[in-house]
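Open the model in a viewer and keep the selection panel at hand. The stops below go from one selection to the next.

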Amino acid sequence: MKLVPSQEQRELRAAVRDFLAAASPPAKARQGHDPEVYARLNGELGLSGLIVPEEYGGAGAGFAELAVALEETGAVLLPGPFLATVFAAVALTRAPDKELLAGIAEGRVAATLALPGADVTADDTGRLSGTLPQVLSGMEADVLLVTAGSALHAVDLTAEGVTRTPLETLDITRGQARVVLDGAPARTLGEPADGIADRLAVALAAEQLGVLRAALDAIVGYAKIRVAFGRYIGSYQGVKHKLADMHGKLEQAESIVRYAAWAADEAPDELPGAAALAQAYVGRACFEVARDSLLLHGGIGYTWEHDAHLYFKRAKTDEVLLGPPRLHRARIADLLEL
Amino acid sequence: MNPADYQRAARDWLERNVPSEGRADGDPIAQAKDFMARLYDAGYSGITWPERWGGQGLTQEEERAFAAAARDFTLPIYVFSIGLGMTGPTLVDRGTDAQRERFVRPLLRGEEIWCQLFSEPGAGSDVASLQTRAERDGDDWIVNGQKVWTSVAQHADWGLLLARTNVDVPKHKGLTMFVVDMHHPGVTVRPLKDMSGRSNFNEIFFDDVHIPDEHRVGDVDDGWSVAVTTLLHERLSISAGVGMGGQKDNPASLEALRRTVDTSDPLVRDELVELHIRSRALALFNQRLAQETEAGVFPGARGSAAKLLLAELTLYQADLATRLAGPESVVGGHPLGTVLSTAPGLALGGGTNEIMRNIVGDRVLNLPPEPRVDKTVPFKDLKVGTQA
Ligand SMILES: Cc1cc2nc3c(=O)[nH]c(=O)nc-3n(C[C@H](O)[C@H](O)[C@H](O)COP(=O)(O)OP(=O)(O)OC[C@H]3O[C@@H](n4cnc5c(N)ncnc54)[C@H](O)[C@@H]3O)c2cc1C
């Protein structure tokens, strides 16, 4: 089991962090998706191709590397279709027809994945119909991957027969769309191997870890400069002890994310339990820390101008992204054969 | 040997050598010493300690492999936990070569039992305000005073003693660390009954106890920096479970609970899932700290976060288990009653939860310190202990 990032992984982290600090700091997140930044992220850093196998033009890296990158994109609340494209890449690497991966690796194609349970059917000619009430980055993505029957299909989101409507999202930094397919042309990619949902859970947990860490860093920084009653607020135990507890959550969340990423790369037997654990623990911890970070900021934390609510809302949106969190807990109960 | 082989060999050895329950007829201390000697001779005591002083000189990888093998056994080594987890590592880090030569091997082989004499009636969290005096007398030091809450002292041969050697300087600057012979005349050990009814800790009285200067650890008046070393090891060893049984015999473990409670009830299932989540989260954190240590990153004050989380998990687990078991858990000496009664110990011993939070806040997050009224005051002018 590998719980400590390697030298190369630390270098990857530093490169992504430096790039984002300049190109997409949290202050920019509320302006939404910037296609130019997204293109550079994929071009200069090759992030969209990180987990794409080398034969499709990607870096062929594993989840340990992906997790490090997602922590950094999470920490700055990167807007746009990066996570959605990661989700799609995860599905494609497990589908028989992987051609689309080449476009993703090049950064030419932004993709998204309909979450499991979508009610979509294919007709005799392979055209798809059905309604997807919430598609992550559905307005920014070019291609939608969706399961109909037992096969995965790719739908060009600009094609005829596709209607997409942006949703008003609580998290203003990253969009969702309602997508209606009405005889939309699609290409079938075959029946994917299982384990996609587990890998999505791990990828999301890595983003959540980044959100958690940044929310904690923000309030720790503020507690060192904000004064009340003649003292820095961080010197009061009511604040300090809460921050210490938040740090404990960070340490445990990071340990779980490293473990789950390792399981995704090297220990398929452990992956289901690790993935459910990652969502059950990290999703909750991320929201709790974002919430307490906001509260400890005082009144300024409740303002629209301050970033605290952006973290709070991303944390909540992420916590419920893969379904109500009780599903992850129920999964753990099943795996433990309780 | 690769870790998997090492673990297999250790498991084999433990299967053949760990005394099974029911054989505990004779003197438990003699049995523990006998087991410890065999453990040492088999190469499983002091796995990562320097070879020169009697350790095995191996890496965290073997240590982890051994811990994994030991998880399914309850090793009868509780009485050595202070020596293995705290005083021994302190001597390895800070002792003289003569002290390491004299003390480390017998400690690892279980020939001598150690205790840690820091806390006093007037000084626990604020241990630097302690009042036990050590005064120079030629080549010796003469100790007078009282210690309390001293675990396993009733069995101990040696103690690591923190005493005041200078009252004219601020409290942290007038302390010195010693090794004291617990069999020396003038040392009186009185067992105290704890809330579980057992007697694992003691109060100790020192009346003109002589300590030779070669048993001083570190410089005169520099005992605080030695104590900090001990306390760091203490937190790490507690969170890593040195000398503690695995979860195997814990009646509040998930494995035990699932056999006794109704897991078809979704509310019960969810409680057990929560226990699983919290236990795994902490276990993985401890494993990560161990891997970092191996990679050369010393966890330092982050060990206090692990200790705090373990204390909270222990209280939560005991509380949960008794709630799930219901009325029977509180009568007739039910094992869960004992689990509940011993749970607070971990949140007090080795530094309270509040102190752990202070440490994480101050030294991990580098938050501004609290205003202090005691930092610059000479000890003799300081208010300490319990005062009306
Ligand atoms: C099972 C057990 C085994 C032990 N074994 C040993 C041993 O082997 N050797 C040894 O030397 N000692 C031992 N101890 C002693 C232990 O280290 C002390 O009990 C502990 O440090 C607390 O000190 P105290 O009891 O004096 O409580 P106090 O320090 O009086 O604390 C009382 C309360 O005040 C709080 N408090 C104190 N200072 C602060 C602060 N700055 N900020 C916020 N809250 C604060 C504490 O958290 C606590 O809630 C043991 C204790 C137990 C319970």
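Select Ser119(B) and the ligand: a polar side-chain atom of this serine lies 2.8 Å from a nitrogen atom of the ligand. Such a polar contact is a pair of N or O atoms within 3.5 Å; within protein, one atom must be able to donate a hydrogen and the other to accept it, and residues adjacent in sequence count only if both atoms are side-chain atoms. Of the 970 Å² of accessible area that the ligand has on its own, the protein covers 65% (Shrake-Rupley method, 1.4 Å probe; for residues, only the protein chains shown count as cover).

This is a predicted model, in which local features need pLDDT of at least 70 and side-chain atom pairs count only at pLDDT 80 or more, while totals for chains, interfaces and linings use all residues. Residues are numbered from 1 along each chain as its sequence is written, chains are lettered from A and ligands numbered from 1 in the order in which they are written, and side-chain values use heavy atoms, with hydrogens and water left out.

The ligand lies between chains A and B.

Now colour chain B by domain: domain 1 (3-108), domain 2 (114-223) and domain 3 (246-351), with bounds from an automatic or database domain assignment.

Select residues 115-209 of chain B, where UniProt (unreviewed entry) places "domain: Acyl-CoA oxidase/dehydrogenase middle"; UniProt positions are in the numbering used here, feature names are shortened, and annotations may be inferred rather than shown by experiment. This span is 0% helix and 52% strand, with its end C-alpha atoms 16 Å apart. Helices (H or I, at least four residues) and strands (E, at least two) are DSSP runs, numbered from the N terminus.

Stay on chain B and pick Asp208(B) in strand 7 (residues 201-212). Its phi is near 50°, a positive value in a residue other than glycine. Asn366(B), in the segment after helix 11 of chain B, also has a positive phi, near 55°. Most residues other than glycine have a negative phi.

Move to chain A, assigned as domain 1 (7-190) and domain 2 (196-335). The C-alpha centres of these two domains of chain A lie 23 Å apart. Across their boundary, 33 residues of domain 1 are in contact with 31 residues of domain 2 (heavy atoms within 4.5 Å).

Finish with residues 202-334 of chain A, listed by UniProt as "domain: Acyl-CoA dehydrogenase/oxidase C-terminal" (unreviewed entry). The span is 74% helix and 3% strand, and its end C-alpha atoms lie 19 Å apart.

Definitions and conventions
Near = heavy atom within 4 Å.
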